[in-house]
Amino acid sequence: LASNIGLSAGTAINSNAGWLKWIRSGIIMFVALKPLRYDLSWDHIDARGAVFGTRTVSIGGKTYKVRLLTGGDADPAEGAGGEWNLIMYGAHKDMEPNWGDYSDADLVTISSAGNGSYSWCQETSVSDPDRRVIRGWSGVANFNTYASSTRSASSGWRPVLELLP
């Protein structure tokens, strides 16, 4: 997927991890179970059109928007919310709504050296428009913001593929 959209920043990981399928309001999307790249900035992802879904890809004869999850309560965000809370909390065995059986380790939402355990999300920070929402690192419920240019072994790309009609 990264090659398909020209995203070469960072380091590839978890290429065979699988996807979570989510259907809401008639929209079908697939969310990477684990980050697919780490050590890249939000700006790197945005430069490839893969933050808000301006980039599309064809896979198996179907066309998908490539984007990030929403992770804040609004945009700009003051706290946690969005698709992250619906999908990632649902997939987590200890969070509500509980429909999954995955742990923080399974979802890579807990810190370990070089694993991209912070997942970039779409929103800006309410306190600083140069900062972007990032979720995970100390568990699925963790909410934080980083400067969009921040690049670290903890920052990861967990893409969403949204099926286009």
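Glu162 counts as buried in this predicted model, because its relative accessibility of 11% falls under the 20% cut-off. With Arg67, Glu162 makes a salt bridge at 2.8 Å, N to O. Arg67 lies in strand β6 and Glu162 in strand β11, so this pair ties together parts that sit 95 residues apart in sequence.

Lys65 has 25% relative accessibility, so it counts as partly exposed.

Through shared partners, salt bridges join Lys65, Arg67, Glu83 and Glu162 into one network.

How many salt bridges does the structure hold? There are four. One of them is between Arg151 and Asp39, with the closest N and O atoms 3.6 Å apart. This pair also links distant parts of the chain, 112 residues apart: Arg151 is in the loop between β9 (143-147) and β10 (155-157), while Asp39 is in the loop between β4 (37-38) and α2 (42-47). Arg151 counts as partly exposed at 45% relative accessibility, and Asp39 counts as partly exposed at 23%.

| Salt bridge | N to O distance |
|---|---|
| Arg67 and Glu162 | 2.8 Å |
| Arg151 and Asp39 | 3.6 Å |

As a bit of background, side chains of opposite charge can pair when their charged atoms come close.

Notes:
Residues are numbered from 1 along each chain as its sequence is written. This is a predicted model: local features need pLDDT of at least 70, side-chain atom pairs count only at pLDDT 80 or more; totals for chains, interfaces and linings use all residues. Side-chain values use heavy atoms; hydrogens and water are left out. A salt bridge is a side-chain nitrogen of Lys or Arg within 4 Å of a carboxyl oxygen of Asp or Glu. Helices (H or I, at least four residues) and strands (E, at least two) are DSSP runs, numbered from the N terminus. Buried means under 20% relative accessible area, exposed over 50%, partly exposed in between (1.4 Å probe, protein chains only).
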